[in-house]
2 protein chains.
Amino acid sequence: MIMDVKPLGIINTPFTESTGTPIQPRMAHGALGTVEVFDEYVPGLKDIEGFERIWLLFWCHQAASPKLHVKPYMDTREHGLFTTRAPARPNPIGISSVRLLEVKENILKVADVDMLDGTPLLDIKPYAPKFDCFEVQRCGWLDTVNNHSGLADNRFEQTRNIKEDNK
Amino acid sequence: MIMDVKPLGIINTPFTESTGTPIQPRMAHGALGTVEVFDEYVPGLKDIEGFERIWLLFWCHQAASPKLHVKPYMDTREHGLFTTRAPARPNPIGISSVRLLEVKENILKVADVDMLDGTPLLDIKPYAPKFDCFEVQRCGWLDTVNNHSGLADNRFEQTRNIKEDNK
């Protein structure tokens, strides 16, 4: 089975490095971005302006190699990777529910972005509370942490290529 | 940039064809499944039993070729693909929040499954209302539909290979 993904567009955000980037849309304080959808996929946007929020699926293109035990941004203890939303994953796919503000042809203006500038878009899905909201009583280690800035540092960022830095 | 994904495991469910498969976890009435995580990724499950729900990201391996205008399961009208959760997408990646019932080594017993048996697992993320639940006022065409069975038919399923059928 061939399982390769292709970019359907590019997500533009104010964030050029991990440090200082919101770690989730909820912590993004309305940060504005645009999703540039490649022309061939624009017909798939029909009726999207009716949705207040949309899921963006994206490729964490600047993420470091995966580690299976990580100290997530929000904790000082190590946890299993799959109990965290850390970007450094075997398949570095992120999911973020962003607010859809405006649609102009192939450009979606969105708020609450939490990804790096230039991130490849993999998919757009409608966000619907009836599909996506569930009450839960237990959220593992996430229940024990508070008081986090909501901003990332560079712990999961790819090491820069030294040759490029020296150019 | 290389963007290929690999299976981290296999999702086993009671559903061997699209017809009759729940279209979302919310409509799955607790349907039971198991996630078999491949051995090399098991360390990443550390602490996962503390989470009541988890996101499964998966490859819709039986989905038909993508169409950019589709009649979704829940409507008789055509909509842009990206306003639907139809599996036939340019990057056929599904996201489902399932209930985590039990963890035994590399096997996760889960409820509310809505994918086909044998679906390749791409990622597991913790489900957290503080990250994933947003109130919205508008859900586009989804606000106008009701009274759906919550079960899929075969409209987005790959046509079977005739040679294989004749074997």
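Modeller: Let us begin with overall dimensions. The model is predicted. For 167 residues, a compact globule would have a radius of gyration near 15 Å, and chain A, with 17 Å, agrees with that. Along the principal axes, the C-alpha atoms of chain A fill a box of roughly 50 × 45 × 40 Å.

Colleague: What share of the residues in chain A is buried?

Modeller: Buried residues account for 47% of the 167 residues in chain A. A residue counts as buried if 20 or more other C-beta atoms lie within 10 Å of its own, and as exposed if 12 or fewer do.

Colleague: Which secondary structure elements does chain A have, and in what order do they run?

Modeller: Chain A has 2 helices and 8 strands. From the N terminus on, the order is β-β-β-β-β-β-β-β-α-α. As for contacts in chain A between residues at least 6 apart in sequence, 77% of them join residues at least 24 apart.

Colleague: How many residues lie between β6(A) and β7(A) in their hairpin?

Modeller: There are 2 residues between them, and A:Glu105 in the turn has a positive phi of about 55°. As background, most residues other than glycine have a negative phi.

Colleague: Where in chain B does one find a positive phi in a residue other than glycine?

Modeller: Two cases may be cited. B:Glu105 has a phi near 55°, and its place is in the loop between β6 and β7 (107-111) of chain B. B:Glu105 counts as exposed because it has 9 C-beta neighbours inside 10 Å. B:His29 has a phi near 50° and lies in the loop between β1 and β2 (32-37) of chain B. With 10 other C-beta atoms within 10 Å, B:His29 is likewise exposed.

Colleague: In what order do the strands of chain B close into a barrel?

Modeller: In chain B, 6 strands close into a barrel in the order β1-β2-β7-β6-β3-β8, with antiparallel pairing. Neighbouring strands of this sheet are turned by 45° against each other on average, direction ignored. One of the pairings is that of strand β1 (residues 9-12) with strand β8 (residues 119-126) of chain B, antiparallel over 3 bridges. Here B:Gly9 has B:Leu121 as its bridge partner in β8(B).

Colleague: How many residues of each chain take part in the contact between chains A and B?

Modeller: In chain B, 59 residues are in contact with 59 residues of chain A. On the side of chain B that touches chain A, β8(B) gives the most, with 6 residues. By class, that side has 31 nonpolar, 13 polar and 15 charged residues.

Colleague: Is A:Gly44 buried or exposed?

Modeller: A:Gly44 is buried, because 24 other C-beta atoms lie within 10 Å. A:Gly44 belongs to the loop between β2 and β3 (53-59) of chain A. Neighbours within four places in sequence aside, A:Gly44 is in contact with B:Leu68, B:Gly80, B:Leu81 and B:Phe82. A:Gly44 and A:Ile124 are 80 residues apart in sequence, yet 9.4 Å apart in space, C-alpha to C-alpha.

Colleague: Which residues have the most contacts inside the largest nonpolar core?

Modeller: They are A:Leu56 and B:Leu56, in a core of 90 residues. Neighbours within four places in sequence aside, A:Leu56 is in contact with A:Ile11, A:Val35, A:Ser96, A:Val98, A:Leu121 and A:Ile124.

Terms used. Residues numbered from 1 in each chain as written. Chains lettered and ligands numbered in written order. Predicted model: local features only at pLDDT ≥ 70, side-chain atom pairs only at ≥ 80, totals over all residues. Helix = DSSP H or I, 4+ residues; strand = E, 2+ residues; numbered from the N terminus. Rg over C-alpha atoms; globule rule 2.2 N^0.38 Å. Contact = placed C-beta atoms within 7 Å. Core = buried A, V, L, I, M, F, W, Y, C linked by C-beta atoms within 7 Å. Pairing = 2+ DSSP bridges. Axes fitted to C-alpha atoms, helices over the stretch in contact; angles between N-to-C directions. Nonpolar A, V, L, I, M, F, W, Y, C, P; charged D, E, K, R; others polar.
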